[in-house]
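Visitor: I'm new to this. Could you walk me through the picture and tell me what the terms stand for?
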Amino acid sequence: MSQPSDSPVQEQPVYGTDTRRTSPLPAALEVSGVSKAFTHRRKVTPVLNNVSLRVEPQEFVSIVGPSGCGKSTLFHIIGGLETPDAGTVSMNGRLLTGQRGEISYMPQQPALFPWRTILDNVLLAGELKGALGEGAREEARQWLDKVGLAGFERAYPHMLSGGMQQRAAFLRALLAPQELMLLDEPFSALDALTRSAMQRWLLELWEANRRSVLFITHNIEEALLLSSRIYVFSGRPGSILHTVDIPFPRPRREEITDSPEFLKLKRQLSDWMREEQEKGRK
Ligand SMILES: Nc1ncnc2c1ncn2[C@@H]1O[C@H](COP(=O)(O)OP(=O)(O)OP(=O)(O)O)[C@@H](O)[C@H]1O
Ligand SMILES: [Mg+2]
């Protein structure tokens, strides 16, 4: 495998919002100037502040940021479940703010339908889009087997552990027909070994069949392993503090996590995250 270049870490980050990219194709996702506040009993809480970000076609992009900084809220806005107070969301150059059904979305809580079996939950997105081709059930069965859910095809969600439900919800997003996939901490409930296996499958699958992905995680190593770019969010109200291009060539394998360049980036991102968390405590 080729080694990553040994350029200094300071050269990687680009500060502020990402204005350098002038791709000839419209972005798979473009979030532009999004702000949002929630009002509860007359108390206004600003949650997102002027967030602009892009996911190019077939690009894997991650968001990291302190708990409560508005990451899931941003996904709700992109998915059309919440409306922003300011700003817009476009997909493939089309303005879509507030519209639903355009993305494959795995929410932070697995949100499986309790009255559907695991297999039927996994197949749901394809069914809704009328895109359940020949072999879809068999493909879903093979995936359930791969992620350790063999024998649970006909079980109902309440019969599964939290981590098993999370894997089923992940498969549902993975097998959905939409080109843009939003994953909100998809592996947070998994033990370290299962998490690492799921990361490997996601990486292999994405490299074989590239979709556009926006991925939220608290795990910096996971973000570095999977992403082409990472947006680092500030504490609430969330805004983009740093945009970091990840230089490692693809296909990527877990070995890169031992390289000096990887460790350097990991340290830099961890320092930024710690600073934000400390600011939040003051
Ligand atoms: N529907 C809502 N009504 C009122 N407040 C909300 C609503 N949704 C989210 N919030 C508030 O917005 C803030 C951001 O929440 P959000 O879930 O987006 O954070 P997050 O970055 O995803 O955090 P975590 O990393 O813990 O998942 C929190 O203070 C939360 O209480
Ligand atoms: Mg969240």
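This is a predicted model: local features need pLDDT of at least 70, side-chain atom pairs count only at pLDDT 80 or more; totals for chains, interfaces and linings use all residues.

Visitor: How do you know that the radius of gyration agrees with a compact globule?
Guide: The radius is taken over C-alpha atoms, and the globule rule is 2.2 Å times the number of residues to the power 0.38. For 282 residues a compact globule would come out near 19 Å, and the chain has 19 Å, so the two agree.

Visitor: What makes helix α1 largely enclosed by the rest of the structure?
Guide: Helices are DSSP runs (H or I, at least four residues), strands are E runs of at least two, and both are numbered from the N terminus. Helix α1 covers residues 71-78, and six of its eight residues are buried, so the rest of the structure largely encloses it. Those six are K71, T73, L74, F75, I77 and I78. Just after α1, G80 has a positive phi of about 80°.

Visitor: Which residues are the closest to ligand 1?
Guide: They are F38, S67, K71, S72 and T73, out of 13 residues that surround ligand 1. A residue is near a molecule if its C-beta atom, placed from the backbone, lies within 6 Å of it. The most comes from α1, with three residues, while β2 (29-40), β3 (43-55) and α1 each supply at least two.

Visitor: Where does the chain divide into domains?
Guide: Domain 1 is 9-103 + 179-281 and domain 2 is 111-177; such bounds come from an automatic or database domain assignment. Nine residues from domain 1 and eight from domain 2 make the contact, where contact means C-beta atoms, placed from the backbone, within 7 Å. On the domain 1 side, β8 (180-184) and α6 (192-208) each supply at least two residues, and α6 gives the most, with four.

Notes: Residues are numbered from 1 along each chain as its sequence is written. Chains are lettered from A and ligands numbered from 1 in the order in which they are written. A residue is buried if 20 or more other C-beta atoms lie within 10 Å of its own, exposed if 12 or fewer, and partly exposed in between; C-beta atoms are placed from the backbone. Two residues are in contact if their C-beta atoms, placed from the backbone, lie within 7 Å.
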